[in-house]
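Work through the exercises below with the sequence and the model in view. Try each task before you read its solution.

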Amino acid sequence: MKKLLLSMLLAGFICTASFASATSDFEAGKKAAEAKNYQLAIDYYNSAIKQNQSYADAYYEKAQVEAVIGKKDDAEPSITKYIQLKPN
């Protein structure tokens, strides 16, 4: 029982740490995009998505940057994923 409780606490800690890191990368991506460092922004958004595949706003912001730099074929799957995650 103690092992199960410890495993559950550890899993919760890892998920929380991963979410915080994904949020940090997302915010760094927004700053990079504002500075017009678009490839760095995409890299940060990809990192956020890798850590949290349900991070809808990261897909949206990534699609926006991809569209700005003319990578519309890359933007399409990003915006499609955003719509799947946030249908309303």
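**Exercise 1. Confidence**

Helices are DSSP runs (H or I, at least four residues), numbered from the N terminus. This is a predicted model: local features need pLDDT of at least 70, side-chain atom pairs count only at pLDDT 80 or more, and totals for chains, interfaces and linings use all residues. Residues are numbered from 1 along each chain as its sequence is written, and side-chain values use heavy atoms, with hydrogens and water left out.

Task: state the mean pLDDT of the protein chain.

Solution. The mean is 86. Of the residues, 78% reach 70 or more.

**Exercise 2. Aromatic pairs**

Task: find which rings pair with Phe26 and form a cluster.

Solution. 
- Step 1. Use the rule: rings of Phe, Tyr and Trp (its six-membered ring) pair if their centres lie within 6.5 Å; planes under 30 degrees apart count as stacked, over 60 as edge-to-face and the rest as tilted.
- Step 2. Search the whole structure. Three aromatic pairs turn up.
- Step 3. Take Phe26 and Tyr45. The ring centres are 5.8 Å apart and the planes stand at 50°, so this pair is tilted.
- Step 4. Phe26 is in helix 1 (residues 2–34) and Tyr45 in helix 2 (residues 38–51), so the pair ties together parts 19 residues apart in sequence.
- Step 5. Check burial (buried is under 20% relative accessible area, exposed over 50%, partly exposed in between; 1.4 Å probe, protein chains only). Phe26 is buried at 7%. Tyr45 is buried at 0%.
- Step 6. Take Phe26 and Tyr55. Their centres are 5.0 Å apart and their planes at 35°, so this pair is tilted.
- Step 7. Tyr55 sits in the loop between helix 2 and helix 3 (56–68), 29 residues from Phe26. Both Phe26 and Tyr55 are buried.
- Step 8. Conclude. Ring pairs join Phe26, Tyr45 and Tyr55 into a cluster.

**Exercise 3. Salt bridges**

Task: say how many salt bridges the structure holds, and place their partners.

Solution. 
- Step 1. Recall the idea. Side chains of opposite charge can pair when their charged atoms come close.
- Step 2. Apply the cut-off: a side-chain nitrogen of Lys or Arg within 4 Å of a carboxyl oxygen of Asp or Glu. The count is two.
- Step 3. Take Asp57 and Lys86. Their closest N and O atoms are 3.2 Å apart. Asp57 is in helix 3 and Lys86 in the segment after helix 4 (72–85), so the bridge ties together parts 29 residues apart in sequence.
- Step 4. Asp57 is partly exposed at 32%. Lys86 is partly exposed at 38%.
- Step 5. Take Glu66 and Lys62. The N to O distance is 3.7 Å. Both lie in helix 3, four residues apart, about one turn of the helix.

**Exercise 4. The faces of helix 4**

Task: decide where the buried residues of helix 4 lie around its axis.

Solution. 
- Step 1. List the buried residues: Ala75, Ser78 and Tyr82.
- Step 2. Look down the axis. The buried residues fall within an arc of 70°, so they line one face of helix 4. The arc is that of the directions from the helix axis to the C-beta atoms.
- Step 3. Turn to the other side. Asp73, Glu76 and Gln84 are exposed there.

Key
Helices (H or I, at least four residues) and strands (E, at least two) are DSSP runs, numbered from the N terminus. pLDDT is the predictor's confidence in each residue, from 0 to 100.
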